[in-house]
Structure formats: C-alpha cells, structure tokens
Amino acid sequence: MKKTLSIVSLALVAVLMMGILAACGGNKLSDGTYKLVEMIQDGEDLSDQLSTMEEAGISMDLVVNGDKATLMDTELTIKDGKISDGNEEIPYTVSGNKITLEQDGTKMVFEKK
C-alpha cells in the first residue's frame, strides 16, 4: 500500500512539474499584438521617445500570428527562438506577456496588449 501511494505521489509531482514548465512559456510566442514598451540602443534608453513616435502615427506594434509576425509593415518569420525578415535573424526571449529582442547593442521589449 505504501509503495502504491509513493508511486501515485511521484506521478502527481511529475505531472505538476510538467505543467509548471509548460506555463513558463519558453520561447513560444502566443498570437496577438505586442506594443513596444522599452528600447535601449548602445546603452542609451530611448523608451521616452516611444510616445512621441505614437503621436506621430508611427506604430511599433509587433503582431504575431502563428509562425509569422509583422512589425512596421515588414513580414517576419518566427522559428527556433529567432525572428527573421529573410535577411537577418534576431534572437528573442519570452517572459510572461513580454517579448524581448536583443542583438548588437539594441534591446526592444514588447508587451502584449
């Protein structure tokens, strides 16, 4: 009886751990629209200029749909933890409802609307 209870307990713990790991998200982007909320280039924080760009009608929204995305009318492909425009691949990370693109001294953080 004790052995059966131990096996059931271990199985339950394994299922819970798998659920927790799946909830962390990894690098899977969920479909939706993400607004650019932070931008740093070569150590300079340009985030305060984002509202000025919005006021000027410049949309910096990242729209994700499956393995495709759009940013400023540019079609992008999402694969293996990278977003590509066909010429350049930029690695990304996912944390909660935020996507961070970071390469060559530039960091852009998008938050799901």
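**Exercise 1. The loop position of an acidic residue**

In which loop does Asp48 lie?

*Solution.* Residues are numbered from 1 along each chain as its sequence is written. The model is predicted, so local features need pLDDT of at least 70 and side-chain atom pairs count only at pLDDT 80 or more, whereas totals for chains, interfaces and linings use all residues; side-chain values use heavy atoms, with hydrogens and water left out. Helices (H or I, at least four residues) and strands (E, at least two) are DSSP runs, numbered from the N terminus. On this basis, Asp48 belongs to the loop between β2 (44–45) and α2 (50–55).

**Exercise 2. Overall composition**

State how many helices and strands the protein contains, and give their order.

*Solution.* The protein has two helices and nine strands. Read from the N terminus, the order is α-β-β-α-β-β-β-β-β-β-β. Of the 113 residues, 25% are buried, where buried means under 20% relative accessible area, exposed over 50%, and partly exposed in between (1.4 Å probe, protein chains only).

**Exercise 3. Salt bridges**

Describe the three salt bridges found in the whole structure.

*Solution.* A salt bridge is a side-chain nitrogen of Lys or Arg within 4 Å of a carboxyl oxygen of Asp or Glu.

- Step 1. Glu54 and Lys35 are joined at 3.1 Å, N to O. Glu54 in helix α2 and Lys35 in strand β1 are 19 residues apart, so the pair links distant parts of the chain. Glu54 is partly exposed at 43%, and Lys35 is partly exposed at 31%.
- Step 2. Lys113 pairs with Asp61, with the closest N and O atoms 2.8 Å apart. Lys113, in the segment after β9, and Asp61, in strand β3, are 52 residues apart. Lys113 is exposed at 63%, while Asp61 is buried at 17%.
- Step 3. Glu89 pairs with Lys82, the closest N and O atoms being 4.0 Å apart. Glu89 is partly exposed at 48%, and Lys82 is partly exposed at 34%.

**Exercise 4. Negative charge on the surface**

Which residues gather in a patch of negative charge?

*Solution.* Patches are made of residues with over 30% relative accessible area and no salt bridge, like charges being joined within 9 Å and nonpolar side chains (Val, Leu, Ile, Met, Phe, Trp, Tyr) within 5 Å. Asp42, Glu44, Asp45 and Asp48 form the patch. Asp48 counts as exposed because its relative accessibility is 58%. Asp42 is likewise exposed, at 64%.

**Exercise 5. Positive phi values**

Where are Asp42 and Met72 found, and what is phi in each?

*Solution.* Most residues other than glycine have a negative phi. Asp42, in the loop between β1 and β2, has a positive phi near 50 degrees. Met72, in the loop between β4 and β5, also has a positive phi near 50 degrees. Met72 is partly exposed at 47%.

Definitions and conventions. Accessible areas come from the Shrake-Rupley method with a 1.4 Å probe; for residues, only the protein chains shown count as cover. Lys and Arg count as positive and Asp and Glu as negative; His and the chain ends are not counted. The place of a charge is taken as NZ of Lys, CZ of Arg, CG of Asp or CD of Glu.
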